[in-house]
Amino acid sequence: MMATRALLIIAMAIAAVLGTSHGASYTVGAPAGSWDLRTNYTRWVSGINFRTGDQLVFKYSPAAHNVLEVSKADHDSCSGSKPLATFTTGDDTVLLPAGGVTRYFICGVPGHCDAGMKLAVRVEAAAPNAAAPPPAPVAAAPRAARPPTASAPSPAPVALAPRRAVRPPTAAPTPAPVAMAPRAARPPMATPGAEVPAASGMPAVPPPSSAAAPAGVGSLVRLGLGAAVSLMAFY
């Protein structure tokens, strides 16, 4: 089983390489003509995109024509004096291995190139191999729906004890004003020589005169001396 698979893979690789190297094959002038004096080769080549790996097949009568590969200058002037390659079999295959170049061919029989047997082939670069289609997306198995998680019941609200009413501040009683006793009026001072009015119906006493003051002082002195003498006599 493994050997068969390996052979199959090798065969596919070889087929891919051969297909890339040879490319398409185009018979010059076909399908309406061939390499002859009747075909318009400018019109024929305008409908084909030549790429790297393609090949040209020239079919003609060897007794009447041939194929010369020439430079652009000799192609334009129909000169076959310096051909790059010569083909005369009547069934010639020309490979186009390089891209990005133009190949020039003419018929070397005198007068045939001027009559229109000339061909310019522009070879494009080979198209990149078609990319393998992307693999089909794999459908993922649907995920089982996850049951919703039961949330824990919310705790019952706790009833708060009512707050005690705030007792308004007790206003301290304002002390009663203390009635102060009226101050006794100070009697006016007596002016010397003036009579002091009598209070409560009592007769006014005249102030002592300055003359009587020394007599009172003398009496006091005498009393003191008498008391001192009596004490001395007692001891």
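Which residues touch the most other members of the largest nonpolar core? Before the answer, a word on what you're looking at. This is a predicted model, so local features need pLDDT of at least 70 and side-chain atom pairs count only at pLDDT 80 or more, while totals for chains, interfaces and linings use all residues. Residues are numbered from 1 along each chain as its sequence is written, and side-chain values use heavy atoms, with hydrogens and water left out.

Now the core. A nonpolar core here is a set of buried Ala, Val, Leu, Ile, Met, Phe, Trp, Tyr and Cys residues joined through side-chain atoms within 4.5 Å; buried means under 20% relative accessible area, exposed over 50%, and partly exposed in between (1.4 Å probe, protein chains only). The largest one has 19 residues, and Val-28, Trp-35, Phe-50, Leu-56, Phe-58, Leu-119 and Val-121 are the ones that touch the most other members. Two or more residues each come from helix H2 (41-46) and strands E3 (54-59), E6 (91-96) and E8 (118-124). Helices (H or I, at least four residues) and strands (E, at least two) are DSSP runs, numbered from the N terminus. A separate core of five residues includes Leu-68, Val-70, Tyr-104 and Cys-113.

Strands E4 (residues 67-70) and E7 (residues 101-106) run antiparallel and are joined by three bridges; two strands pair if DSSP finds at least two bridges between them. Both belong to an open sheet of five strands, ordered E2-E8-E7-E4-E5 with mixed pairing. At its edges sit E2 (50-51) and E5 (85-87), each pairing on one side only.

Cys-113 forms a disulfide with Cys-78, with the sulfur atoms 2.2 Å apart (the cut-off for a disulfide is a pair of cysteine sulfur atoms within 2.5 Å). Cys-78 lies in the loop between helix H3 (72-77) and E5, and Cys-113 in the loop between E7 and E8, so the pair ties together parts that are 35 residues apart in sequence. The link is left-handed, with -70° about the S-S bond. Cys-113 counts as buried because its relative accessibility is 5%. Cys-107, by contrast, is in no disulfide: the nearest cysteine sulfur, that of Cys-113, is 8.3 Å away. Cys-107 is buried too, with a relative accessible area of 2%.
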